[in-house]
Each structure stands twice: as C-alpha cells, then as structure tokens.
Amino acid sequence: MYLHHSVILAQAAEPATKAAAPVTPLIIIVAYLGLLLGLALFSGRLFRGTSKDYFVASHSIGPFMLLMSVFGTTMTAFALVGSTGKAFQKGVGTYGLMASSSGLVHAACFFLIGIKVWAIAKRHGYVTQIQFFRNRFESSNLGYLLFPILVLLVIPYLLIGVIGSYRVLGPMTSGMFPSLFPATGPLDGSVPPWIIGLVICGVVLAYIFAGGSRAAAWANTFQTLVFMAMGVLAFIIISNALGGLGAAIEQANPAHLVRTPTEMGIQAPSGAFEREVGIPPLQFLTYMFIPLSVGMFPHLFQHWLTAKSAKSFKLTVIAHPLCIMVVWVPCVLIGLWATGVFTPNALDNWPPPVVTIMSGAEDAGVGKVLSVVIKFLVANPILVGLVTAGILAAIMSSLDSQFLCLGTIFTNDVVLHNQPEGKFSDKQIVLIARGFVVAVVLLTYVLSLVLKDVQNVFDLAIWSFSGFAALTSLVFCALFWKGATKAGAYACVIAVAVSWFYFFAKAGWGGEYTVFSSAERSDEGVMPVAICFFLGLIAMIVVSLFTKKPSQETIRKFFP
Amino acid sequence: MPITWVVTQSLQRSSESLSETEMKFGIIAVAFVVLAILHQDVWNWDNANLVFGFVPVGLAYHAAYSIAAAIFWAFVSKFAWPSKLEAWADGEEAN
C-alpha cells in the first residue's frame, strides 16, 4: 500500500516539473465563481432599495434559506480545510472537539438567543447587535466600548477566509503558468495571492454591494449546498483512490484513531522532531465553550434578523447538528486517511508541498492537507476543480456576511448613531453602507496580502471565536436576567477583554495555548475561553447585584 | 418515616408549585446537561475499533451524538416553542 502511494504521488508530481499542469480545475473554479456571481446579482434584482432590505432583507427569509445561510456563515474555511488538517494533525478526536459539541451548543444559541433577539429586534427595529445592547443597557457609550472589540475580533476571522483561499488555490494551481508566474519552490507557476484575493474579494463585494443581506442569503444558500456536496464528493473519490473505505482506514496511522495523547516522531530533512497527536481530556472538556461564539457573532446576529418569522428558526435549530455531521465526518476521515498516505518517515518520497506540511512547525501547512491530498492522490482534474470550488464556497459563504456586517455596524453604530432622524434619506444610508463595505473589503484584501505568510493563521480563528464565546455571557444576561445592569455590562465586557488579551499575549499573540498545561505538552490544560467566559459572567452578576437596576420601561421593552 | 415517602412528597410538592413552563424548562435543562456529560465519552478514549469496518469508534460515537442532538432539539422545538414571542414581535401583545 505504501509503495502504491509512492508511485501515485511521484506520477502526480511529475508533470509539474516537466510541463505546464492542466488548467481544467481553474476553468471549473472560474465557471463556479461566474455562476455564483450571476445568481447573487440576480437576487440583487429583488433588492427593494430600502436600508431595511439592505441590512436585514426586510425580515423575509424563510426556513430553508435561513438554515443554509446560518450554517454556511458558521462554517468557515475551517469546516473543510481546517477539519481535514486538524484530523491529520491530532486524530479522530477532532470531530468531538469541534463538531459534535457545536451541534449541541450552536443549536442552543439559536434557540435561546437567536429567536429572542429576532423578536426584540423586529419589534423595536434594531439592525445591529450594538443597537440592541445600547438600548438594553441604557448606555450609548457601551456601544463605543463594544464597537472596536467586535471589529477587532471579526477582522482575523475575515483574514482566515481570504488567506485560506490563497492556501487552497496556490498549491492547486502550481505548475499551471510556469512562464507567467515563475517562482522558486512548490508554488512555481501558481496563480499569485494578489490575483486570488482580488478575484475572491471582488466577487463577494460585487453581490454584497448590489443586494446586501438578501444577496448574501441567496449566495450562501447556493454556496452551502455546493460545499456540502463537494465534501461528500471528495470523500468518495479519495476513498476510491485509496482502495475503498476499509482499505483507506486500515492504512491510517493507528495513533490517530484514538484520542489518547501521544507524541509522533517525524524524520524531516531539517532534522527529527515530535508532533503532538491526540486530545488531552481537559482541553476536550473546556473546548465546549468555543461554540458559544455563535451567540455573539455580529454577522450571525444580522442573519437572524433576516428571518421571516420565529418559526423560520425551527429548521435551523433541528437540522444544524445534522448539517455539521454531513460536512465534518467525511473531512475528518480524509484527514485520518492522509496520515497513512503521508507517513512521517519517508519525506523524501513525497512531493514538495507535503514535505512542507510534515517538516514545518506544529501548525504549518495544516490548512493545505485537503488540497494536497486531492491534487496528488486524485488524478482527475475535473474532480480537483469541483472539490476546490467546494472549499471556496465554504470560505466565501462566511466572508460575505462578515463584510456586510462590518459595513452595517459602521453605518448604523458610528455614522447614524446620535444623528437626528431624517438627516439621511434611506438611499443615502444604503450608499453609506455600500461605501463602508467597499472600505472593509479593501482593508481585508491589503491585510491578507501583508499577513499571508503568518504560519498559525488558523489558530487566530480560535482566538477570535474565544473572544466572541466569552462575550456570550453578556447577551445571555441581557436576554434572561432583568437584574442585569449597565455597570454589570461594562464589567462583563472589560473582564472578558482584559482576560482575553492577557491569555492572547501569553500565547505569543495567536499560537495554540492552554492554561495550566505542562512543559511537555502545550494543549493539555484548560482552554482560555472557559476562564474568560466565567470571569465575564461573574463580573456581570456581582456588579449588577450592587448597581442601579434598569428602568421599568426598559424591562417592559426587553422582557415581553 | 420511609425515605421514599419523603422524596415522593417533596417531588409532588415541587411539581405543584412549579408552573408548566418551569417544568418544561427544568426537563430541557437536565437533558441538556446529560447530553453535555455524554459528550465526554471517556470510555471511548483508547478504543481503536472500527464500526462498519471503516469508522473509528471515537468518530462513530460522536456522529451518533450529532443525530441525538438533532433529535433533542426537535423535541425542544415541539414541546417548548416560544410561540407567544412571535406574536409580540409582530406588534400583538403576548398576554
């Protein structure tokens, strides 16, 4: 089996060095992007021209589109690319760590927070999270405190998407244009990041600019169906390439089939080192706090508000865990299979990208595993193109909502806040929002090019999620505790921000980090998010108990 | 006085004093906590057996867990749906 893989990989790698690689996968991706743009621009024709339609689609999205847009937004590049890479790195525990817990906790957030937020926002006309908190806690300044925190937490999340597209399309297009884009190393002849970013950001910008929230919902529905289908397709074609489901798992590294923490020795050209495999129990337990992040994602908040009715949430609440399963189980299995394909003691036999993955730092190249497996194990360029389009769909279905949401909060919480009603016409408001969306897209594009070589970009996602998850105590108390006060809200936000920043610094500004871990293994402690969450909750409760309660009018407004 | 009688009486008293909504919320909360505990499946930590010949036990268990979570939320949606909230959101009074 091992020899068989070596031959396949050697054959697959050969054309890249001798002649230009076939461009069929790229043609499929361009066709996909064209189709997406066409569909989204068509949906833009349904745009009613009002700011309410631009921001929250006039509360008109039904159950199926709500499920698809919420699920597509929640599942980032990490769902396909990161899950495969993490399973390749840590093993079978990846699914329990990140997916099954999300099935339970995400649905809880949609049920407990989403529906109530939708009802309150619809009744009182809110279109952003900050408007909700300002009114609930009777404090304009709370918005100014929350605004930079939310924006700073969304930006790394945005960058993950764009940089993720570089890491997928770079290896996939390597060898396609050797004379046009010559480069040294494995990415010789590949489409450069500045073009990839320009196209991806350009396509998303085009439909968000045209149709706002409604276009995002249509595009997300299409993208979610595509990436779910392509994940399953990748699973089938890769398992066939490995000789079937049974044969594929039989050749996997045994240490990756259990959650027991172990060390795996790697013999790299740069020297021998050890890779941590398995999931320590304390990390597994406290990782359950990460999915709480959906309770505070501003872009998800905006998607909730697009719902036609509370009943629209039913399908999302019930089917979300199943959708996660459909996407994650195949990807985790592919990651496990890859541990048998790319064995740690034979790096000389593998094509350059695989050597980069296996011999790099702990997390280097983890995001490239799926694309490398597909490119070097599946010889069919059409399938390579289809699966890569699926990965891009997962990336872009989050990007659009995040771009739109930042444009929305800049417009409503900064420009329009404190302005007399009627100062701006509805058309002017839409124009301002579009201007901010363009600015956010440009900023993201430039930042992604500057930071594209940061190794642990996927770990930044966990820090972003951790910040949002810890802040969920704020929205939970705002919705379910009449006694939650303005001072309590400030205390909660400050406690979360300070503790998060402390742990972020301790982690070396973005690396994997757990609290109370041993010197031998960095991931066997408590996830910082659990501590930040409880500090925020305790601060909210203690301070609220001793400070001025909200007015009766506010209580009536928020507690029907 | 037998201990079972005391427990039964106190349960009866508590169920009488709780409203139907509170009872529902209590049952859902308990079920949620049970599911959260079941998520830890410490008994599978070292198990490398394969289910259906190709899915490691650690993955098969959590895939089944995802299905159980969906069933749980289907029950919650059926029996504890906040229907009054929708009427209130549309501008009709809930009471």
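Modeller: In what follows, a residue is called buried if 20 or more other C-beta atoms lie within 10 Å of its own. The model under discussion is predicted.

Biologist: How many residues of H4(A) are buried, and is the helix enclosed or exposed?

Modeller: Helix H4 of chain A covers residues 63-74 and has 12 residues. Its buried residues include Met65(A), Leu66(A), Phe71(A) and Thr74(A). The helix is largely enclosed by the rest of the structure, because the buried residues of H4(A) number 10 of the 12.

Biologist: Which helices do the buried residues of H4(A) pack against?

Modeller: Among the buried residues of H4(A) are Leu67(A), Met68(A) and Val70(A). The partners of these buried residues belong to chain A: they are H6, H9, helix H12 (298-305), H13 and helix H16 (381-415).

Biologist: What is the reach of H4(A) from its first C-alpha to its last?

Modeller: At 1.5 Å a residue, a span of 16 Å is expected for this helix. The reach of H4(A) is close to that expectation, at 16 Å.

Biologist: Which residue follows H7(A) and has a positive phi?

Modeller: Helix H7 of chain A spans residues 129-136 and is largely enclosed, because six of its eight residues are buried. Phe132(A), Phe133(A) and Arg134(A) are among those buried residues. After H7(A) comes a residue whose phi is positive, near 50°, namely Glu138(A).

Biologist: Which residues have the most contacts inside the largest nonpolar core?

Modeller: In soluble globular proteins, nonpolar side chains tend to be buried together. The largest nonpolar core here has 209 residues, and helix H9 (residues 193-241) of chain A supplies its largest share, 21 residues. Leaving aside residues up to four places away in sequence, Trp337(A) touches Ile238(A), Leu242(A), Ala248(A), Ile249(A) and Ala252(A). The residues with the most contacts inside the core are Trp337(A) and Val373(A).

Biologist: Which element gives the most residues to the side of chain A that touches chain B?

Modeller: In the pairing of the two chains, 41 residues of chain A are in contact with 33 residues of chain B. Two or more residues on the chain A side come from each of helix H6 (93-124), helix H10 (245-250) and helix H13 (312-341). By class, that side has 27 nonpolar, eight polar and six charged residues. The element that gives the most, with 16 residues, is H6(A).

Biologist: What is the radius of gyration of chain A?

Modeller: The secondary structure of chain A comes to 21 helices and two strands, and 59% of its 560 residues count as buried. A compact globule with 560 residues would have a radius of gyration near 24 Å. The value for chain A agrees with this, at 23 Å.

Notes
Residues are numbered from 1 along each chain as its sequence is written. Chains are lettered from A and ligands numbered from 1 in the order in which they are written. This is a predicted model: local features need pLDDT of at least 70, side-chain atom pairs count only at pLDDT 80 or more; totals for chains, interfaces and linings use all residues. Two residues are in contact if their C-beta atoms, placed from the backbone, lie within 7 Å. Helices (H or I, at least four residues) and strands (E, at least two) are DSSP runs, numbered from the N terminus. Ala, Val, Leu, Ile, Met, Phe, Trp, Tyr, Cys and Pro count as nonpolar, Asp, Glu, Lys and Arg as charged, and the others, Gly among them, as polar. A nonpolar core is a set of buried Ala, Val, Leu, Ile, Met, Phe, Trp, Tyr and Cys residues joined through C-beta atoms within 7 Å. The expected span of a helix is 1.5 Å times one less than its number of residues. The radius of gyration is taken over C-alpha atoms; the globule rule is 2.2 Å times the number of residues to the power 0.38.
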